[in-house]
Amino acid sequence: MKYLLIAFAFLFSLSCSFPHYPKKYEKLAVFSHDTLKNISTNALACNQLKIQYLGCSNLLIKYKNESILLDPFFSNNPGIKTSLGKIKFNPIYFKKGSDFVNKYGNSFHDINTIFISHSHYDHLFDLAYLLEKDSLNDAVKIYADESAKTVVQHFLKNHTFLNADSFVYKKNTIQKWININSEMRMLIIPTSHAPHLGKLHFMKGNTDNLYFKNFTQSTQKISANQFKEGHTFAFILDILKADTIAFRILIKGAGCEINNGKISDEILKEHGIDLAIMQIASANFTDCYPQNLLAQIKPKQVLITHWEDFFRPYAPRKIKTVRATNFSYFFKKVKTIEGVWPVKKLSDQFYMPKPGTMVMYEF
Ligand SMILES: [Zn+2]
């Protein structure tokens, strides 16, 4: 009987990591089917920042007339093709993604800056198509590492590609903030990438130039395993008002490993984090993430990204959670820091948007 119970408990905890509809989080109002969501971080709020979740770590951030895109990826491919075969551009999902963007009057052409958190295929795959088809404006600036450049080398025309490594945050030096315009600036922070499964960390290292030399058409089949991680970055985005920081966002496109996710106190002293955008995928396989980071930054709000299963067709009413990720375990880890960062009601601080959702933060 004892062994039967143990086996049952084991199977139950394992099943929490299988893709499933996020019913529990819908009941807790952490997840909803809203496509427009207003979140106020200040009772006297008079400014509004729009963040559209486009799936995985793909985000469109809009403040006034400025648009920034992060980690462009729309082309869901089945898991079997991703791990053993080849993936390809998916026109149906790309159309869905561009419909999301157009729905609120935005366009890829309006994007002036793109940031890539790392070079796994689910963070930059559709950049090649956007570049090849001239969907972006010529003046767009792309900040990414050399691995990402290797991937898109044949699709860069007059676009400006800047090596993110030469902008990264270094302690005790003058910071290389990237001025997006007079009211927005971005800082690139080096970080680690959590393992994907247990202690296994796939697709490490830099992309192979020889392999990507043949990637000359964005719609050709290609091995997902060749999209090596490169260097992984987190970002801090500041909205400035009269030279002071009015709203600060931390953006994480990957979970991180022990002692490697903390933000320098030097940065936090200047201004705390109002909004933390944190990916949940593979958070299971690190002991420290997200609680160590949350205990340090104590954000007012957390937007959970990279949470849906991107190995299956997009089905808005039947959306499922990302594989190998136990959401209860994620929130259990959050609970361990309630002495330092209290969370009374999950939905007061956490929101997990459906792809396409425009989340408006008022500050
Ligand atoms: Zn990754």
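## Strands 12 and 13

Strand 12 and strand 13 run parallel and pair over five bridges. The chain gets from strand 12 to strand 13 through helix 10 (residues 291–297). This β-α-β crossover is right-handed. All of this is read from a predicted model.

Strand 13 spans residues 301–305 and is mostly covered. Five of its five residues are buried. Q301, L303 and T305 point one way from the strand, while V302 and I304 point the other way. Side chains in a regular strand alternate between the two faces of the sheet.

In general, strands of a sheet pair through backbone hydrogen bonds, either parallel or antiparallel.

Strand 13 pairs with strand 14 in the parallel sense, over two bridges. Here L303 has Y351 of strand 14 as its bridge partner.

## Strands 10 and 11

Strand 10 (residues 232–241) and strand 11 (residues 244–252) pair in the antiparallel sense. Eight bridges join them. I236 has L250 as its bridge partner in strand 11, and L237 stands opposite I249.

L250 has A276 as its bridge partner in strand 12.

## A look at I277

I277 sits in strand 12 (residues 275–279). Is I277 buried or exposed? I277 is buried, because 27 other C-beta atoms lie within 10 Å, and 20 or more count as buried.

Which residues does I277 contact, leaving aside its neighbours within four places in sequence? They are I249, L250, I251, K252, L303 and T305. I277 and Q301 are 24 residues apart along the chain, and their C-alpha atoms are separated by 8.5 Å.

## The nonpolar core

The largest nonpolar core has 96 residues. Of these, I188, F235, L250 and I304 touch the most other members. Strand 10 gives the most to this core, with six residues. In soluble globular proteins, nonpolar side chains tend to be buried together.

Take I188 as an example. Not counting residues up to four places away in sequence, I188 touches Y143, A164, F167, V168, Y169, F233 and F235.

## The chain as a whole

The secondary structure comes to 12 helices and 15 strands. The radius of gyration is 20 Å, close to the 21 Å that the globule rule gives for 363 residues, so the chain is as compact as a globular protein of that length. Its C-alpha atoms fill a box of roughly 70 × 50 × 40 Å, taken along the principal axes.

Buried residues make up 44% of the 363 residues. Now count the contacts with a separation of 6 or more: residues 24 or more positions apart account for 75% of them.

Note on methods: Residues are numbered from 1 along each chain as its sequence is written. This is a predicted model: local features need pLDDT of at least 70, side-chain atom pairs count only at pLDDT 80 or more; totals for chains, interfaces and linings use all residues. Two strands pair if DSSP finds at least two bridges between them. Helices (H or I, at least four residues) and strands (E, at least two) are DSSP runs, numbered from the N terminus. A residue is buried if 20 or more other C-beta atoms lie within 10 Å of its own, exposed if 12 or fewer, and partly exposed in between; C-beta atoms are placed from the backbone. Two residues are in contact if their C-beta atoms, placed from the backbone, lie within 7 Å. A nonpolar core is a set of buried Ala, Val, Leu, Ile, Met, Phe, Trp, Tyr and Cys residues joined through C-beta atoms within 7 Å. A crossover is right-handed if, with the strands pointing away from the viewer, the path from the first strand over the helix to the second runs clockwise. The radius of gyration is taken over C-alpha atoms; the globule rule is 2.2 Å times the number of residues to the power 0.38.
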